[in-house]
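Here are my notes on this one, as numbered points. Have the model open while you read.

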Amino acid sequence: MFVNLAKTSRDARVESVSKKEKAKQRPQALNTVEMLRVASSSLGMGPQHTMQIAERLYTQGYISYPRTETTHYPEAFDLKGTLHQQANNPMWAQEVKALLAAGLNRPRKGSDAGDHPPITPMRAASEAELGSDGWRLYEYITRHFIATVSEDCKYLQTTIDFTIGTEGFSCSGKTLISPGYTAVMPWQGIPLEEALPACERGDVFTVDEIKLLEKQTSAPDYLTEAELITLMEKHGIGTDASIPVHINNICQRNYVTVENGRKLKPTNLGIVLVHGYYKTDAELVLPTIRSAVEKQLTLIAVGKADYRQVLQHTLDIFKRKFHYFVDSIGSMDELMEVSFSPLADSGKPLSRCGKCHRFMKYIQAKPSRLHCSHCDETYSVPQNGVIKLYKELRCPLDDFELVLWTSGSRGKSYPLCPYCSSNPPFRDMKKGVGCNECTHPSCQHSLVSLGIGQCVECEGGVLVLDPTSAPKWRMACNRCNVLVHFFEHAHRVQVAAESCDACEASLVAVDFNKTRTPLPAGDTQHTGCVFCDPLFQDLVELKHAAMRHPSHRGGARRGRGRGRGRRGNPKKPKDKMAALAAYFV
């Protein structure tokens, strides 16, 4: 619509012209980080290589000490004498002599870190003396120094407002007044093409073309070395001396590769390491902890912190992190194996991911796990058993398809959510557990819905109905290897909402087969307590599961009940030995 409105006229009428003189500030004195940044972005030299050349130039007397954070010259620094040494170099002799004749500008005020003066050329040199890379770095250092004592670049900014038909437009341009420091740093100068033609209000120009451009945004590119150096300085990662070492290390260890334009492209190894560290302990890859340590060191340097206390505190933190990482090394192994072995290709699609709703692959090789190649996420599952799809049912919390873990016909089985098992949603849940330990208050697969009573052998375990065990129904302890077989050939077994008055275990509603009902008068339905109801006494048999999974061999935490949300913890039968004799012999 606006294009069509503009096309109604072929004339552009100037409505107003405004001009304002502005200045582009000369640079501050050069420190190490800025030198590394420019060497990478403009000279195509890596930080480690740049520091090696700078140290050689320093030892040969061509520049001052190259490791400094200071950007402010001391009052007693001989700026004029230093500049005078460059008066005979044909590349910048004209600018230097003009400065010496007119008088030097005092450099902009920078920061004084209290270490060494800014990086400065100490004597004249030529390309023949220094070699290719040495000369390019020396040339930049010298031009930067001359720029710091030069005038600011001054230009005139012009803004023209004009109309085409009923629509208003504006354009801006810059016209150079005085080049100042850009005479020696021409790449920062004002391009001639930015200047606008001279015009006044009322002037009319003919419109050659009106068109609508359609474009699209693009994803951000890989970080360049210069951008990484800037971010490292911002977040306090490393110092002027260690930044080149850090960047060189990640290149040598094949975490990143250096592409055209000094862009750092992460390798698969680097990506997996970051994902693994982040999954285990995010602080190992986030800049916060390193930055905190650097701040503590600064406090020591200025006398505000005790060296021994900071050292001990830091050692304690990293010792704890190390032990936690060692205990959680399995998650790193899983990521490594998925990315660097054919296991990812050999896995078979099993259940759907709750995030992308694509099939995840079940990798049976130890440690067995589920991997979503689309989300690039890996989920641990219990070991030493078999994983099957569980009726295509989904977890109400995260929409992941449930799977069934079983240790065989004589063992236990229970459903689990891959995501909840790896990322417990409740504080009282551990990693690696199934739905039989989940305390979700309303999920039909949870401990709250299927828990019956406390285990008769271990402390803290709960006997949970196995809904997949029909027709040979059973309940199993969610901590130890106790199995209770009951109500064989029953049509349906359900956990009722009511509790036993005597032992507070949940009642069980059973619908027996007509031809095999043990109930008197041929009744097929009965609701009662597995522990206390006389009608159920001969129908209950205690066994021990053939378990290989270590998480089911005792080690139960004391004091935790089965977590039924509507009542307190269920009690064991009042006389445990009598109950065992009566029901489980």
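1. Some grid terms before anything else. On a 1 Å grid over the protein atoms alone, a pocket is an open set of points with protein on both sides within 12 Å along at least five of seven lines, while a cavity is a set where a 1.4 Å probe fits but cannot get out; lining residues have an atom within 4 Å of a point. Points are joined across faces, edges and corners, and a volume is the space filled by probe spheres set on them. With that in hand, the largest pocket comes out at about 1400 Å³. Its lining has 31 residues, with I237, I250, V274, L284 and V285 closest to the centre.

2. Ground rules. This is a predicted model, where local features need pLDDT of at least 70 and side-chain atom pairs count only at pLDDT 80 or more, though totals for chains, interfaces and linings use all residues. Numbering runs from 1 along each chain as its sequence is written, and side-chain values use heavy atoms, with hydrogens and water left out.

3. Elements here are DSSP runs numbered from the N terminus: helices are H or I of at least four residues, strands E of at least two. Those giving two or more residues to the pocket lining are α8 (225–235), α9 (243–252), β6 (263–266), α10 (268–280) and α11 (288–301). The top contributor is α10, with six residues. By class, the lining splits into 24 nonpolar, four polar and three charged residues (nonpolar: Ala, Val, Leu, Ile, Met, Phe, Trp, Tyr, Cys and Pro; charged: Asp, Glu, Lys and Arg; polar: the others, Gly among them).

4. How many cavities of 30 Å³ or more does the structure hold? There are two. The largest has a volume of about 120 Å³ and 16 lining residues, with C395, C417, C420, C435 and C438 nearest its centre. That lining has 11 nonpolar and five polar residues, and no charged ones.

5. The second largest cavity holds about 100 Å³. S413, Y414, N436, V464 and L465 are the closest to its centre, out of 13 lining residues. Two or more residues each come from β13 (413–416), β15 (462–465) and β16 (474–477), and β13 gives the most, with three. Here two charged residues do turn up, alongside eight nonpolar and three polar.

6. Packing next. A nonpolar core is a set of buried Ala, Val, Leu, Ile, Met, Phe, Trp, Tyr and Cys residues joined through side-chain atoms within 4.5 Å; buried means under 20% relative accessible area, exposed over 50%, partly exposed in between (1.4 Å probe, protein chains only). The largest core has 48 residues, and M35, L57, I63, L83, L137, Y138 and I146 have the most contacts inside it. Among the elements giving it two or more residues are α2 (32–41), α3 (47–59) and α7; α7 gives the most, with eight. A second, separate core has 36 residues, including L447, V482, F486 and C500.

7. Contact means heavy atoms within 4.5 Å. Skipping residues up to four places away in sequence, I63 touches A54, L57, Y58, I119, T120, P121, M122, Y138 and I141. T142 sits in helix α7 (residues 132–148) and is buried, at 0% relative accessible area. Beyond neighbours within four places, T142 contacts Q86, W92 and P121.

8. On annotation, UniProt (unreviewed entry) places "domain: Topo IA-type catalytic" at residues 1–322.

Notes
UniProt positions are given in the numbering used here, feature names are shortened, and annotations may be inferred rather than shown by experiment.
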